[in-house]
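Please keep the sequence and the model open while reading.

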Amino acid sequence: MKKEIKEKKEKIILDKQEKKEFIKISLERIEKLGYQLKRHTIRNSDTSHINYKIFHLLTDPFTYVNAYTKISKNRGALTEGYEDDQTTVLFGLDKAEKIAKKVKEGTYKFKPVKRTWVPKPGKTTKRPLDVPTQSDRIVQEAVRGVLEAIYEPEFVKHGEETKDLSNNYGFRPNLSCWSAIDKLKKYSRRCNIVIEGDIVSAYNNVNHDILLKILRKRIRDEKFLKLIIGMLKSGIMDDNRFEHSLNGTPQGGIVSPLLFNIYMLELDRYIYEEFVNPIMMQNEKEGKTEQSSYLYNKARWAVDKTRKEFLKAKEAYETNPRISNKKQLQETKKKYKQARMKRLNTAYGKVERLPKGAVYVRYADDWVLAITATEDEATQIKNKITEFLETQLKMQLDVEKTKITRTPSGYNS
């Protein structure tokens with residue numbers, strides 16, 4: 001009996017020692033991986049850096065442990081894809097090692113994404129949502145981390161070089177649609193025309209050859225690119241019917257928004273170089289000063305007058321809330337609102353005499369270009385952007401959703 005107890009104690013001690021040793025080895029490997037990822041990030045802070053060897057970052061099991069910890073926090077992490085093996089259930093080092101081994105040997109195969117159709121808010125039409133398997137999601141997150149270290153500095157640099165007059169705000173660290181709205185509000189004050197663009201099935205029409213050509217400017221590791229090609233070409237299962245994915249990035253895939261931003265950076269640069277920068281340079285060259293028209297000054301004077309009358313009536317009503325005072329308050333408030341609306345719809349001055357403004361923001365596939373121009377000039381710009389998208393990126397603008405409006409009318413999307 002004493003012998004059995006002694007053996008059990010010895011086994012417990014050995015198990016604890018093995019566990020400590022395992023934890024020690026694991027921490028050392030995690031530290032080593034962190035060092036490699038840190039070096040990768042530092043190297044790519046220089047946006048001219050070419051990446052010849054990055055595939056090794058995807059052959060370490062702890063890359064996938066790290067990826068799992070990031071995506072497991074999302075509510076959709078357990079959503080099942082087509083013929084899913086439910087990898088994220090009890091995910092551990094053994095499963096991570098299996099994925100890493102397959103990736104290293106070049107035998108990892110992405111499964112077709114499972115397509116579901118989701119209703120668009122307030123519309124009868126639906127949009128496709130492509131759900132990868134759980135193991136594919138983990139690999140995609142690992143790829144996304146490597147790519148983000150390369151291309152986020154490029155996005156930041158583009159924003160800095162353009163002084164935020166051209167930038168993208170979708171699915172980027174510490175940015176949101178509110179960041180885009182803030183930039184529009186700040187830089188579009190002198191703009192009288194807005195071009196709101198929407199691309200037809202943008203994610204589904206990303207041309208694989210063009211995307212790879214863009215990626216090869218910064219990435220020369222063919223093993224890494226081959227893995228991305230395997231993901232893009234994995235196919236789609238729509239209602240148990242297989243479709244080849246000849247174009248597009250899965251709308252629902254973890255790495256898809258980043259790949260789309262990399263692709264659309266070409267449009268961001270084109271719009272800045274062809275339209276935004278020339279407009280701002282012309283402004284500096286001609287040294288124009290703001291000259292408001294007689295009609296605008298008259299409308300502004302009417303606003304000031306009716307505002308004073310409204311504030312006087314409001315004070316009278318608050319002091320003595322009689323029916324006559326309430327009626328006077330409502331009438332002056334109505335006149336004040338009418339005067340403001342008239343001022344909004346009155347041109348500040350002749351467009352050719354105004355100091356010009358221009359700003360472009362993009363959030364995913366929706367973009368806005370606010371400029372100081374005539375409607376004819378805006379139409380020409382829209383046509384040039386349409387031509388660039390069709391010839392350089394093989395995409396089309398949605399004719400119905402792409403609008404040219406005056407800024408007092410507000411934004412449609």
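1. Terms and source. Buried means under 20% relative accessible area, exposed means over 50%, and partly exposed lies in between, with a 1.4 Å probe and protein chains only. The model is predicted: local features need pLDDT of at least 70, side-chain atom pairs count only at pLDDT 80 or more, and totals for chains, interfaces and linings use all residues. Residues are numbered from 1 along each chain as its sequence is written, and side-chain values use heavy atoms, with hydrogens and water left out.

2. Overall make-up. The protein has 11 helices and nine strands. Helices (H or I, at least four residues) and strands (E, at least two) are DSSP runs, numbered from the N terminus. Of the 413 residues, 42% are buried. The protein exposes about 24700 Å², and carbon and sulfur atoms supply 52% of that area. These areas come from the Shrake-Rupley method with a 1.4 Å probe; for residues, only the protein chains shown count as cover. Contact means heavy atoms within 4.5 Å. Among contacts between residues at least 6 apart in sequence, 77% join residues at least 24 apart.

3. Helix H7. Which residues of H7 (residues 222–232) are buried? They are Phe224, Leu225, Leu227, Ile228, Met231 and Leu232. These residues cover an arc of only 150° around the axis, which puts them on the same side of H7. The arc is that of the directions from the helix axis to the C-beta atoms. The face turned away from the buried side carries the exposed residues Lys223 and Lys226. An α-helix has 3.6 residues a turn, so residues three or four places apart point the same way.

4. The start of H7. Here a side-chain oxygen of Asp221 comes to within 3.2 Å of the backbone nitrogen of Lys223. A polar contact is a pair of N or O atoms within 3.5 Å; within protein, one must be able to donate a hydrogen and the other to accept it, and residues adjacent in sequence count only if both atoms are side-chain atoms.

5. Strand E1 and its partners. Two strands pair if DSSP finds at least two bridges between them. E1 (residues 113–119) pairs with E5 (residues 236–238) in the parallel sense, over three bridges. Lys114 has Met237 as its bridge partner in E5. E1 also pairs with E2 (residues 126–131), in the antiparallel sense and over six bridges. There, Arg115 has Asp130 as its bridge partner.

6. Arg144. Leaving aside neighbours within four places in sequence, Arg144 is in contact with Ile254, Val255 and Leu258.

7. Aromatic pairs. Rings of Phe, Tyr and Trp (its six-membered ring) pair if their centres lie within 6.5 Å; planes under 30 degrees apart count as stacked, over 60 as edge-to-face and the rest as tilted. The whole structure holds seven aromatic pairs. One of them is stacked: the ring centres of Tyr203 and Phe260 are 4.5 Å apart, with the planes at 15°. Tyr203 is in the loop between strand E4 (193–198) and helix H6 (208–215), and Phe260 is in helix H8 (residues 256–286), 57 residues apart. Tyr203 is buried at 8% relative accessibility, and Phe260 is buried at 0%.

8. A second stacked pair. The rings of Tyr270 and Phe388 have centres 4.1 Å apart and planes at 5°, so this pair is stacked. Tyr270 lies in H8 and Phe388 in helix H11 (residues 375–392), so the pair ties together parts 118 residues apart in sequence. Both are buried: Tyr270 has a relative accessible area of 18%, and Phe388 has 14%. Tyr270, Phe275 and Phe388 form one aromatic cluster.

9. Positive phi values. Ser201 is not a glycine, yet its phi is positive, at about 40°. Ser201 sits in the loop between E4 and H6 and is partly exposed, at 42% relative accessible area. The C-alpha atoms of Ser201 and Met395 are separated by 8.7 Å, although the two residues are 194 residues apart along the chain. Phe171 is another residue other than glycine with a positive phi, near 55°. Phe171 lies in the loop between strand E3 (166–168) and helix H5 (177–187). Phe171 is partly exposed, with a relative accessible area of 48%.
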